[in-house]
Amino acid sequence: MAERTVGSRLMVYDRTCGGRWGLPGLTFSWRVGGVLYRALGRLDDWKGVASWPEALDWLLARSRERPIAEIQFWGHGNWGCVLIDRVPMDVRALAPGHPWHARLTELRERLVSGGDALWWFRTCETFGTARGHAFARAWTRFFQCRAAGHTYVIGPWQSGLHSLRPGEEPHWPVEEGVPPEERTGMRHALWSGPRVPNTITCLHGRVPPGF
């Protein structure tokens, strides 16, 4: 039996989310999480970034010698997108002609083969609503790998975690995580909690089976 390639597990986070009035912001929490996950052996490396080009360039540099098995992004999200310094990455970035398309195409070739790689967006509500479905579908088909994301606002509790493989259709409801009064305007997702479907905590380092 051929030996399977073991790839790197990498994390990037948004380093631009500092707190107000000298207080720690979310960047501080994400940095502490990176240190903890590395110490626990859940990550091989991590980096704070201030833009998507910086994030993609670091992932490309880090994968020159070894393919990538898992990429986690810790930062802000919205339905159908993820953000660094308030700049969104959505399905438009996967189209030829987009400024980030060439980097994404090159990064696709740096993932472990066989569709076993994972992109995990540990961001608020990225997989929620029809926009989230479209994002998950497009991302998995472009990268030919599994992707995971959430449908709720996440924090210590991280709810509505779902994953999708290339060629699959999203199996979670489009209204998951969306308050009834917001379903027409789609402005705010619900908060995560222990009694909400598909919930983990920020200390979980793997997507549970069946999610």
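How many disulfides does the count come to? The count comes to 0 disulfides, a disulfide being a pair of cysteine sulfur atoms within 2.5 Å.

## Basis

This is a predicted model, in which local features need pLDDT of at least 70 and side-chain atom pairs count only at pLDDT 80 or more, while totals for chains, interfaces and linings use all residues. Residues are numbered from 1 along each chain as its sequence is written, and side-chain values use heavy atoms, with hydrogens and water left out.

Cys81 is in no disulfide; its nearest cysteine sulfur belongs to Cys124, 11 Å away. Cys124 is likewise in no disulfide, and the nearest cysteine sulfur to it is that of Cys17, at 11 Å. Cys81 is buried, at 10% relative accessible area, and Cys124 is buried at 16%. Buried means under 20% relative accessible area, exposed over 50%, and partly exposed in between (1.4 Å probe, protein chains only).

## Overall fold

The protein has 4 helices and 11 strands, taken as DSSP runs numbered from the N terminus (helices H or I, at least four residues; strands E, at least two). Its radius of gyration is 16 Å, close to the 17 Å that the globule rule gives for 211 residues, so the protein is as compact as a globular protein of that length. The radius is taken over C-alpha atoms, and the rule is 2.2 Å times the number of residues to the power 0.38. Of the 211 residues, 51% count as buried.

## Sheet

An open sheet of mixed pairing is formed by 6 strands in the order β2-β1-β3-β7-β8-β10; two strands pair if DSSP finds at least two bridges between them. β2 (45-49) and β10 (162-164) stand at the edges with a single partner strand each, so one side of each has no neighbour in the sheet.

Strands β3 (residues 68-74) and β7 (residues 118-122) run parallel and are joined by 5 bridges. Trp74 has Arg122 in β7 as its bridge partner.

## Nonpolar core

The largest nonpolar core has 35 residues, and Met89, Leu104, Trp119, Trp139 and Phe143 have the most contacts inside it. Such a core is a set of buried Ala, Val, Leu, Ile, Met, Phe, Trp, Tyr and Cys residues joined through side-chain atoms within 4.5 Å. α2 gives the most to this core, with 6 residues.

Leaving aside neighbours within four places in sequence, Trp119 is in contact (heavy atoms within 4.5 Å) with residues including Leu59, Ile71, Leu107, Trp139 and Phe143.
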